[in-house]
Amino acid sequence: MDWHSISEKEVFLELKSNQSGISSLEAKRRLLDYGPSTLVIKKEISPLKIFINQFKNMLVILLLFAAVISFLIGLLEGGDFIDSILIFAIVIANAVFGFFQEYKAERTIEELTKMAAPHATVIRNGKEEEIDSESIVPGDILILREGDKIAADARIIECFSMYCDESMLTGESVPAVKKNGTIKPNLPLAERSNMVYMNTIVTRGHAIAIVVQSGLKTEVGKIAKEISEAPDKITRFQIEIEDLGKKISFITLGILIIIAVTEFLLRTGDIIFIFIAAVALGVAAIPEGLPAVVTLALSIATNRMLKQHALMRRLSTIQDLGSIDVICTDKTGTLTENVMTVTTIFANGKSITVGGNAFDKNGTFKLDSGNNPKIADLVELFRCAILCNDAHEVDGKFKGDPTEIAVLIPAYKAGMAVDHERIKFKRIGEVSFSSERKMMSTLNSNEKSKFSYVKGAPEVLIPKCNYILENGEVKKLTPKDRKILLDSTINMASNALRVLGFAYRENPPSSDEKDTESELIFVGLMGMLDPPRTGVREAIADCRSAGIRVVMITGDNKYTAETIGRELGFNGNVITGDELDSLPENQLLKTIESVDIYARTSPKHKVLLLNLLKKNGHIVCMTGDGVNDAAAIKNSDVGISMGIRGTEVTKQASDMIVLDDNFITIRNAIAEGRGTFDNIRKFVVYLLGANISEVLIIFFATITTLGISPKIAIQLLWINLVTDGLPALALGVDPPAKDVMSRKPRKKDQRIVDKDTAYFLAAIGISATIALLLLYSYTLSINAILGYTVLFSAFVIFEMFIVYVVRWRYNSDVFSNKWLHLAVALSILLQLGLIYSPFNTLFGIVPLSISEWLSIGACLLIFMGLLWIALKVEKFFVMSEDIMQAKIAPYTTPKK
């Protein structure tokens with residue numbers, strides 16, 4: 001149907017809806033009929049598929065194949081097939097554990113995706129409410145505001161100066177003008193001015209529209225198949241994890257081949273035993289589950305961050321947070337409370353103090369002399385604040401922009417009937433506020449005349465005024481008057497007040513912007529206060545001690561920005577957007593390194609600062625809330641949108657949403673990001689460090705006269721089950737170390753296994769190998785089965801000890817992770833239960849006496865001594881390297 005070419009009445013009849021919207025019950029019924037308003041067909045999480053995926057690893061398949069062959073041979077020859085059954089049991093147990101890890105990670109990601117889904121404002125049951133965009137159905141009444149991402153195709157019913165960015169559909173770079181009314185049929189999409197389309201963006205103004213198509217039936221739904229088939233984005237972090245796993249696999253497989261060949265030539269010659277033992281070692285040593293464990297760790301971190309009001313839209317961004325060295329943050333609502341309260345009015349040449357709380361409709365007005373001003377002389381000021389305003393009251397609560405709510409409250413305090421004024425002076429047009437214009441105007445009419453009401457930044461508004469209203473009389477605005485008004489603005493701003501000017505014009509010659517916003521009558525100034533948030537000053541200090549520079553970018557004037565900045569601990573110069581525009585690039589690149597406060601800026605200045613900082617080699621986090629901030633947020637290294645004030649477009653462009661709009665949340669998120677990277681590195685080091693010693697010991701035992709246990713396959717699989725599972729997972733919930741915000745930011749190209757980490761891995765693996773080989777050779781000389789048992793148990797004890805060694809390396813508090821202690825205790829109990837139960841014979845082991853446990857303890861001491869020596873050697877070489885660099889520095893950078 002050509003929805004654009006039929007009348008509004010026909011649209012309502014066709015969709016069985018009206019101005020009050022459909023009912024919630026009808027919406028549920030239509031959602032079943034039409035389906036969710038989404039372009040991507042969701043792939044349901046299949047538990048069966050995830051479980052089957054646990055067996056897709058080639059080593060596991062080979063192990064199961066070998067176990068089947070061993071079982072059949074044992075069955076046919078009447079031999080021992082218990083080993084085969086145990087291998088099956090342990091592999092299944094490992095698969096079950098892997099399944100729960102991966103399934104939990106997938107479910108967590110799904111829940112987070114739901115939380116990050118866009119929302120839409122609709123009228124249902126005659127009331128305004130916010131719903132998930134996916135729940136939109138034909139017949140819904142959409143309320144569209146600047147910055148909204150439109151949730152469905154809709155026909156406009158009411159429209160106020162609205163423009164939409166439809167470039168993604170039409171290719172037009174200029175936003176399309178929108179209006180209500182009927183237009184002729186068979187028009188191309190770009191010319192359907194009374195229609196709005198799914199996934200396009202409201203760039204200016206607001207409107208009310210009725211949904212005509214949703215989901216895959218929308219215009220953009222026609223290309224949904226291509227979108228749904230697009231491959232998932234693979235991040236650098238994911239590539240690094242996969243690359244690490246592959247390298248370890250190749251190295252381990254090379255060693256396994258040597259072990260298998262050596263064992264075949266020098267030992268048993270039993271091909272099945274050798275094959276099973278080699279593959280079991282591969283399963284135990286190769287961290288094939290590393291990507292899943294990393295994903296789960298990121299998911300756990302995301303849930304923890306969510307409790308601190310930070311919603312991560314992309315899991316991989318968490319580790320990027322640790323690289324940030326510059327935070328560019330908004331002032332209003334992020335550094336401040338965002339509860340604007342008008343405290344001062346300047347009108348009729350006098351300053352008036354406004355009393356009462358932020359949202360309290362009762363208050364007082366006092367002149368500097370202590371007398372009460374004449375409210376009648378303030379009516380035009382309050383009327384302008386009422387009519388040039390989109391804030392409104394719903395069920396006793398104010399909704400709208402905090403600044404607009406603030407300037408509306410004094411009218412209530414003065415006893416004016418706000419709703420009556422809006423009915424009496426009906427709005428018939430508007431020019432919306434924008435950060436470039438720094439003003440807003442509305443065109444209103446009553447029975448006799450038309451009026452344009454304007455509010456905006458005084459320095460922009462006053463030059464457009466030719467007259468001034470004083471004590472009910474309109475006078476010519478003289479240069480002296482202009483100076484008084486500008487001085488009053490500066491005086492209020494120097495007291496950290498945000499100042500807005502108000503003016504009007506009676507019967508403008510036309511509704512064009514040039515007429516409604518010129519030859520205005522100035523009526524007054526309002527100064528409002530937005531105090532700094534409690535704890536933000538300390539959070540900024542924490543960021544600075546962590547090597548992160550904090551830059552404040554605000555649209556407020558220079559004086560307000562400087563005053564609030566001083567309260568929050570900012571020092572140095574303040575630069576305005578105009579001053580930035582006047583500087584050449586080479587000077588800008590130097591200036592931005594010393595200036596931390598930017599005032600009277602627009603979104604284009606955010607993009608400029610972002611590009612300059614990145615050009616200087618910084619890793620930049622950019623915050624924003626408006627639709628025009630989306631470009632800067634999307635192009636920053638970590639883009640952060642505001643959950644309360646942020647538009648849907650900005651949220652969709654961001655990597656993280658700050659749900660409470662608080663800078664403290666950003667500081668906490670950075671700490672969590674650094675802690676999460678530490679945790680990933682911890683269990684990579686733990687898994688690889690422990691596995692290195694397993695591979696090396698089996699290797700040396702094979703090529704020497706020591707030999708290996710006939711039950712080595714099931715022993716290695718058991719070790720893999722009890723040590724690589726719960727303890728490694730528990731490392732993922734380690735809280736950030738106490739010194740995490742005392743370190744410098746991590747370089748973005750720093751790998752998980754860097755030079756220092758590789759040395760630490762080697763130190764753990766080689767020290768453990770030497771200590772365990774000494775223990776193994778000693779106990780083997782007493783009794784072969786005793787030697788196998790001691791090595792088997794020592795592997796488990798050592799790996800549990802290595803967990804704490806790794807945490808010590810990264811300054812984790814010993815008692816900060818109760819889940820790790822429980823996991824370690826459970827692993828040790830499982831090992832003890834196996835050794836001292838009748839099942840020990842199945843594993844070819846015997847119960848150990850106190851003396852054997854003491855020998856394992858002595859072996860641990862040897863390991864600690866060797867590791868201590870290795871770390872001291874590392875420290876010596878690091879110091880030597882620093883000294884050498886210090887010595888050659890003057891020669892590498894000669895003075896000109």
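**Close-up views of a predicted protein chain**

Of the 896 residues in the protein chain, 54% are buried (under 20% relative accessible area, with a 1.4 Å probe and protein chains only; exposed is over 50%, partly exposed in between). This is a predicted model: local features need pLDDT of at least 70, side-chain atom pairs count only at pLDDT 80 or more, and totals for chains, interfaces and linings use all residues. Residues are numbered from 1 along each chain as its sequence is written, and side-chain values use heavy atoms, without hydrogens and water.

**View 1. Helix α13, residues 402-413.** Helices are DSSP runs of H or I, at least four residues, numbered from the N terminus. Twelve of the twelve residues are buried, including Glu404 and Lys413. Just after α13, Gly415 has a positive phi of about 85°.

**View 2. Aromatic pairs.** Rings of Phe, Tyr and Trp (its six-membered ring) pair if their centres lie within 6.5 Å; planes under 30 degrees apart are stacked, over 60 edge-to-face, the rest tilted. The count is ten pairs. Phe451 and Tyr453 are stacked, because their centres are 6.0 Å apart and their planes at 25°. Phe798 and Phe863 are tilted, at 5.4 Å and 50°. This pair links helix α29 to helix α31, 65 residues apart.

**View 3. Charges over rings.** Here NZ of Lys or CZ of Arg is within 6 Å of the ring centre and within 35 degrees of the ring normal. Arg746 sits over Phe677, 3.8 Å from the ring centre. Arg809 sits over Phe760, at 4.5 Å.

Methods. Helices (H or I, at least four residues) and strands (E, at least two) are DSSP runs, numbered from the N terminus. The expected span of a helix is 1.5 Å times one less than its number of residues.
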